[in-house]
Amino acid sequence: MLDSWLDNFLSNKDLYPNRTGQGSVAAGEPSFGGRYDYNEEKDINTKNIGLGWLYYSFARLYKPKIAVMIGLGRGFLPILIAKGMKDNDIDCKAYFIDPSLDDDFWKDTQKTKEWFNSFDVGNIIQHYLFTTQEFVNTDVYKGIDSIDLLCIDASHFYEFVKFDWGAFKDKLLENALILFHDTISRSKNPKWSGPRKVLLEILKDMELQSFDFKFGAGLTIVQKKYFEIKQEYIDKLENEWQDKDDSTF
Ligand SMILES: C[S@@+](CC[C@H](N)C(=O)[O-])C[C@H]1O[C@@H](n2cnc3c(N)ncnc32)[C@H](O)[C@@H]1O
């Protein structure tokens, strides 16, 4: 990622990491997603984009061809993922779903285009000005499959997070990476615990594994378990491996 790109990104106050709980500050009390006692100035001066580093890196590592992102805010997470996808220089497409409920920011198609173009990601992003509930009734939704990156950061109410997950879980590729934001702290208001509540439910599926990043408002990554972590796999290796020499290492 170019230094000048980051300078441009951070020249927009709306994209400061702390704004949507993406800062490099411990999640949980007493800071609740970086809202208090957080030295934002220091992070900005040192160009620390907090969880943003992960978003960009996930895109570079996993090289998604089809990404679906729900909840734009001002685009902190989606722009960084899209930038990673763009830098991969492979055929790819990113579907952004957001009805612009917070304000009118995404309502003007031309302005939206210009906003994404200003971060050099306009050509891979397609924005849909819909709630997920509306989007599932579109032909575009029906045509989407083989998702390899899914990011859920829209409404934090349980019913909505559950809907977002339900709408896309069966369209995921086997090796897909799923990102849930706001999974640790945001406020003591129990209505905001939707992402964690949904996670607790879906992780009952023993085929899934997760990892919490305890920064900002919390990020949890989920993926299907790989066979390597199963005991049977290790047993199989033990049985198959002929060279039992344990003098090395
Ligand atoms: C917390 S912000 C997303 C922050 C963003 N991911 C970021 O990194 O800055 C939540 C967004 O979810 C959107 N939203 C709320 N309810 C939604 C729904 N039912 N379907 C899709 N998007 C929704 C809002 O319009 C708002 O932009």
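I worked from a predicted model, in which local features need pLDDT of at least 70, side-chain atom pairs count only at pLDDT 80 or more, and totals for chains, interfaces and linings use all residues. Residues are numbered from 1 along each chain as its sequence is written.

**Strand 1.** I looked up the cover of strand 1 (residues 66-70) and found five of its five residues buried, where buried means that 20 or more other C-beta atoms, placed from the backbone, lie within 10 Å of the residue's own. Ile66, Val68 and Ile70 point one way, while Ala67 and Met69 point the other way. Strands here are DSSP runs of E of at least two residues, helices are runs of H or I of at least four, and both are numbered from the N terminus.

**Partners.** I then checked pairing, which requires at least two DSSP bridges between two strands. Strand 1 pairs in the parallel sense with strand 2 (residues 93-97) over five bridges, and Ala67 stands opposite Ala94 there. The chain passes from strand 1 through helix 4 (residues 76-88) to strand 2 in a right-handed β-α-β crossover, that is, the path runs clockwise when the strands point away from the viewer. With strand 4 (residues 147-152), strand 1 pairs in the parallel sense over four bridges, and Ala67 stands opposite Leu149 in that strand.

**Ligand.** Among the 21 residues around the ligand, I noted that Gly71, Gly73, Phe76, Leu77 and Ala154 come nearest, a residue counting as near if its C-beta atom, placed from the backbone, lies within 6 Å. Helix 4 and helix 6 (132-135) each supply at least two residues of this shell.

Terms used:
A residue is buried if 20 or more other C-beta atoms lie within 10 Å of its own, exposed if 12 or fewer, and partly exposed in between; C-beta atoms are placed from the backbone.
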